[in-house]
Amino acid sequence: MNRRFIGSILGVAVLAWLSVGLAQASQQAGASGAKAIPRTPDGKPDLSGKWKTVSSKADPMQLTAWGAKQFNYNKLPGGNGARPEDDPIMNCYRPGLARLGPPLLVPAESVVVRLEGESVPAPGGPKAMDAIMIFNAPHKVWVFYQYNQETRQIFTDGRKHPPVDPDDPPEAIATRWWNGYSTGTWDGDTFVADTTNLRDETWLDNLGHEDRELHIVERFRRVDADTLQIDRTFTDPVALAKPYTTSATLKLMPDLAFKENIVCQQYYVKKLAFGYEGLLGINDHPWQGKERTSAGPTLLGPADKTGVDKK
């Protein structure tokens with residue numbers, strides 16, 4: 001009897017232990033399933049969704065002599081920002097991929113929204129516009145930016161970048177684009193976007209760093225179900241002495257509503273700094289002047305109108 005009784009107790013204890021263990025394993029599996037990274041039918045992490053930057057960092061730029069000369073010309077005398085009359089964004093140019101981020105590297109005053117017919121600063125400032133939407137499509141990935149309602153496509157069908165025609169003028173759209181030409185491949189669970197063919201009217205940031213032969217490599221990694229990491233590397237043999245990198249952490253925000261945000265509102269910009277009165281049309285601003293040098297296409301900034309050669 002005692003042996004049977006003891007055996008029964010041990011059996012019950014074992015069953016209880018197994019039940020608790022199975023319950024805990026089930027709970028952990030459920031929790032793990034809830035946090036699992038979603039994947040596409042081919043097994044790759046699904047990057048789609050609305051994402052907003054929550055933290056970022058950027059390494060200091062190391063410039064070539066040419067890059068330093070351009071920067072010293074563009075920056076304000078106090079060193080805290082760039083002269084707005086030289087900023088391409090302030091002259092109705094599109095920001096370009098380098099400044100779109102994430103992180104968003106644009107002047108605070110350019111981030112405005114339309115509310116009741118008026119252009120006003122975006123609630124929350126530039127950070128409120130530091131959001132993107134990613135969509136998967138056959139043979140490509142689409143990325144939509146809240147800032148300036150920018151759009152880009154990253155081709156995933158194995159194609160190569162188109163050659164850049166050295167005789168193609170900067171304003172032509174045959175072989176260069178504002179957001180470049182992007183191709184995408186997978187490195188394990190990291191999506192790598194490689195972008196070339198960028199127009200050279202854009203800047204690298206809002207401080208006045210210019211680019212000329214820019215090449216951008218971005219690495220998208222879904223850290224978990226709610227977190228996306230984007231690391232970007234910029235190389236430019238004309239402007240940068242060594243590659244420049246940024247890193248941003250974004251959180252999934254399914255309920256985020258994208259507000260309308262058009263930088264060059266109504267396609268006009270004031271030119272009072274140049275002695276112009278009233279408003280000029282987008283095709284009338286001084287940056288239409290261009291010259292080309294052995295270092296690549298070179299812009300003539302507004303100061304060139306007064307006889308000061310920026311280059």
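Reader: What share of the 311 residues of the chain counts as buried, and what makes a residue buried rather than exposed?

Author: The share is 43% of the 311 residues. Buried means a relative accessible area under 20%, exposed means over 50%, and partly exposed covers the range in between, with a 1.4 Å probe and protein chains only. The model is predicted, so local features need pLDDT of at least 70 and side-chain atom pairs count only at pLDDT 80 or more, while totals for chains, interfaces and linings use all residues. Residues are numbered from 1 along each chain as its sequence is written, and side-chain values use heavy atoms, with hydrogens and water left out.

Reader: How do you know how many helices and strands the chain has?

Author: Helices are DSSP runs of H or I with at least four residues, strands are runs of E with at least two, and both are numbered from the N terminus. By that rule the chain has 3 helices and 15 strands.

Reader: What makes Arg 83 and Asp 86 a salt bridge?

Author: The rule asks for a side-chain nitrogen of Lys or Arg within 4 Å of a carboxyl oxygen of Asp or Glu. The closest N and O atoms of Arg 83 and Asp 86 are 2.9 Å apart, so the pair meets the rule. In general, side chains of opposite charge can pair when their charged atoms come close. The count by this rule is 10 salt bridges.

Reader: Are these two partners buried or partly exposed?

Author: Asp 86 has a relative accessible area of 1%, so it is buried. Arg 83, at 21%, counts as partly exposed.

Reader: Which parts of the chain does the salt bridge of Arg 99 and Asp 87 tie together?

Author: The side chains of Arg 99 and Asp 87 meet at 2.9 Å, N to O. Arg 99 is in helix α3 (residues 97-100) and Asp 87 is in the loop between α2 (65-74) and α3, so the pair ties together parts that are 12 residues apart in sequence. Arg 99 and Asp 87 are both buried.

Reader: How do you know that Glu 150 and Arg 94 meet in a salt bridge?

Author: Their N to O distance is 2.5 Å. Glu 150 is in the loop between β5 (140-145) and β6 (151-155), and Arg 94 is in the loop between α2 and α3, so this pair ties together parts that are 56 residues apart in sequence. Glu 150 is buried at 2% relative accessible area, whereas Arg 94 is partly exposed at 33%. Elsewhere, salt bridges that share partners join Arg 152, Glu 218 and Arg 232 into one network.

Reader: Which residues line the largest cavity?

Author: Lining residues have an atom within 4 Å of a point. They are Gly 101, Pro 102, Ile 132, Val 143, Tyr 145, Arg 152, Glu 218, Phe 220 and Ile 230. The elements that give two or more residues to this lining are β5 and β9 (215-224).

Reader: What makes the peptide bond from Gly 101 to Pro 102 stand out?

Author: The bond is cis, with omega near 5 degrees. The bond from Pro 102 to Pro 103 is also cis, with omega near 0 degrees. Pro 102 lies in the loop between α3 and β2 (112-115), and Pro 103 has its place in that loop too. Most peptide bonds are trans, and most residues other than glycine have a negative phi.

Reader: Which phi value does Asn 148 have?

Author: Asn 148 has a positive phi of about 60 degrees although it is not a glycine. Asn 148 is in the loop between β5 and β6 and is buried, with a relative accessible area of 13%. Asn 197 also has a positive phi, near 60 degrees. Asn 197 lies in the loop between β8 (190-196) and β9 and counts as buried at 5%.

Note on methods. 1 Å grid on protein atoms, 1.4 Å probe; cavity = no way out; pocket = protein on both sides within 12 Å on 5 of 7 lines; lining within 4 Å.
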